[in-house]
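Here's a quick briefing to go with the structure you're about to look at.

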Amino acid sequence: MVANLSTALSRSQAHSVNRSLLLALLLLAGNSLAAPLGDDPLRIPDERQLVMARELAAKMAANQRGPYTRIRWFCNDGTVLPPAPYACRPHGGGRQHAEYSPDRTALAQLGFRVGTVFAALTWEEFYDAGGYHDRLRELALERYLVEVADGWVLKRARHYRGRVQIEDEEAAGRRLLLRLLADTEWLRRHFLLARETVRVVPHSGGDDLTRDVRRRAQDLAELNSDFEKLRVEVHTSPSSNTAGKVRIWARQLRAISPDSDQVRLAEQLADSLDELYGVRGRQRRLVETRAALTRAQATEKLAGLLQALPEQSPVAQVQRLASTLVGLREVIEADNDPALRLRLFDLMADLEAELRQVVVGALQASEPTRRMLLALCRNLVLASYGSGLLSRTEMDYTRSQLEGAMSQGEIDPLTYLETSRAVNRAVGWPVATVRYEFAAPLVRYSALDTRATGFVDDLLRGSPVLALAQAARLLAFDAQEAAGIQRRLAGRPAPALMALNPGIARGRLRILTDADLAAG
């Protein structure tokens with residue numbers, strides 16, 4: 001996974017690494033496959049149950065109502081009524097939404113609670129204290145599959161009229177989030193889980209345009225393989241020029257197929273890319289973010305870091321953005337106002353998007369100097385901590401290594417090499433953090449649908465860790481060259497490789513299939 005982030009490997013390579021993770025988790029759970037669900041958080045259903053679960057999921061995907069049966073009024077006094085205007089008024093009010101189907105209930109009993117209606121979600125189920133907060137973790141996997149698998153179990157039901165009422169979903173989601181974020185001790189222990197829960201629970205705010213753009217690019221590449229090169233650019237190094245390239249691709253396709261839906265999808269993607277990476281969109285978000293920080297006394301000083309940001313050098317911009325993210329985390333963990341915490345989590349997505357874009361611009365504009373690379377890595381380590389992907393201990397250790405090297409007038413090659421290795425470790429730690437935080441649903445959902453294996457990579461690509469990996473790769477290449485070390489694979493330089501032992505290794509490279517992994 002570290003290599004995947006550092007070198008932007010292909011999707012097939014990423015899946016191979018994630019399959020290794022799945023195998024490891026399966027080995028951990030292997031002795032408890034017969035235990036009842038819930039007894040072991042790393043256990044997955046046995047093969048018979050998985051077959052049943054896959055059949056249920058496929059049946060829902062083919063059903064126009066998906067995991068639901070019908071629309072009902074759910075009144076505050078417990079009464080359930082057919083849809084009719086103001087049906088719950090005599091019963092103290094209520095909410096109208098779809099009712100879960102027997103198939104959905106059966107799938108939930110197998111460990112997959114899909115098609116979540118937040119208006120029907122109780123606090124007890126949401127928090128899931130007895131299940132190690134597994135429901136919170138599961139929501140992220142469910143949302144991911146819906147987004148990357150063409151709706152998944154909601155494939156034909158996304159437009160099922162009345163399935164949910166968005167205002168009720170957002171109101172319910174906000175209530176759940178505010179209660180969750182009111183627990184300071186829990187928040188400090190589970191900062192990353194809280195951050196991702198805020199991202200996936202509807203609450204009228206915090207739309208993550210970065211992930212939406214990557215989803216659309218993925219969809220286009222699956223519909224048309226000619227878009228693959230642009231998909232890679234969107235996923236690894238998008239810039240203000242990417243939207244123009246997508247529009248050129250759309251015009252070329254229109255000349256061949258004027259009525260193609262792919263043209264419409266590409267034009268929508270280009271508009272979103274402009275909003276996310278274009279000059280006007282970035283400036284507007286910075287102004288709005290600074291205004292939001294100014295309104296809260298606890299974050300007013302942080303707003304000053306964003307003042308005249310575009311006028312600063314790229315390294316200075318990264319430093320200010322990283323310091324803002326760290327400051328936001330500190331305020332979130334210290335302030336007792338759950339509404340402020342929710343707002344600051346929402347602001348993080350925009351700041352992270354701006355940070356990644358500044359780094360891409362800095363690395364593409366000119367050949368970075370050695371001290372520039374060290375400074376970028378230091379600031380990106382801070383940003384990764386601010387986003388919850390590094391612990392304070394990990395951040396402090398890596399930062400001390402970087403600042404030690406930067407304090408030398410002429411950096412010693414061996415010190416420089418060890419510093420680059422420390423940064424490489426800092427790229428790998430977030431991978432382990434995400435796998436640990438979402439281990440239980442990740443192993444279950446990956447067994448149910450292999451597309452879930454991309455979850456870890458997707459989460460990290462939407463964080464400062466991707467930018468850190470890009471800078472770390474350049475740092476590793478330069479440090480190895482300075483130390484006289486060469487690493488090659490198939491005759492090509494491969495600075496991102498991590499050698500376990502010195503010397504030359506020769507042998508046949510074998511790519512394992514799922515069947516190979518399952519056979520051990």
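Find H133 in the loop between α5 (123-127) and α6 (134-148). This is a predicted model, and in it H133 has a positive phi, near 60°, even though H133 isn't a glycine. That's worth a second look because most residues other than glycine have a negative phi.

**Two loop residues with positive phi**
- H133 is tucked away: its relative accessible area is 10%, under the 20% cut-off, so it counts as buried.
- D150 is another non-glycine residue with a positive phi, about 55°.
- You'll find D150 in the loop between α6 and α7 (166-181).
- Its relative accessible area is 38%, so D150 counts as partly exposed, a label for values between 20% and 50%.

**The sheet**
- Look for an open sheet made of three strands, in the order β2-β1-β3, with antiparallel pairing.
- The edges belong to β2 (80-81) and β3 (94-100); each has a single partner strand, so one side of each has no neighbour in the sheet.
- How many bridges join β1 to β3? There are six, and β1 covers residues 68-75.

**The disulfide**
- A disulfide is a covalent bond between the sulfur atoms of two cysteines.
- This structure has one disulfide, and its partners are C75 and C88, with their sulfur atoms 2.0 Å apart.
- The pair ties together distant parts of the chain, 13 residues apart: C75 belongs to strand β1, while C88 is in the loop between β2 and β3.
- Is this disulfide left-handed or right-handed? The torsion about the S-S bond of C75 and C88 is about -85°, so the disulfide is left-handed.
- Both cysteines of the pair, C75 and C88, are buried.

**One more buried cysteine**
- C377 has a relative accessible area of 0%, so this residue is buried as well.

**The whole chain**
- Zooming out, you'll count 24 helices and five strands in the chain.
- Of the 520 residues, 51% are buried.
- Take the contacts between residues at least 6 apart in sequence: 69% of them join residues at least 24 apart.
- The chain exposes about 24400 Å², and carbon and sulfur atoms supply 52% of that area.

Technical notes:
Residues numbered from 1 in each chain as written. Predicted model: local features only at pLDDT ≥ 70, side-chain atom pairs only at ≥ 80, totals over all residues. Heavy atoms only, no water. Helix = DSSP H or I, 4+ residues; strand = E, 2+ residues; numbered from the N terminus. Buried < 20%, exposed > 50% of the residue type's maximum accessible area, 1.4 Å probe, protein only. Contact = heavy atoms within 4.5 Å. Areas by Shrake-Rupley, 256 points an atom, 1.4 Å probe, with all protein chains shown as cover. Pairing = 2+ DSSP bridges. Disulfide = S-S within 2.5 Å.
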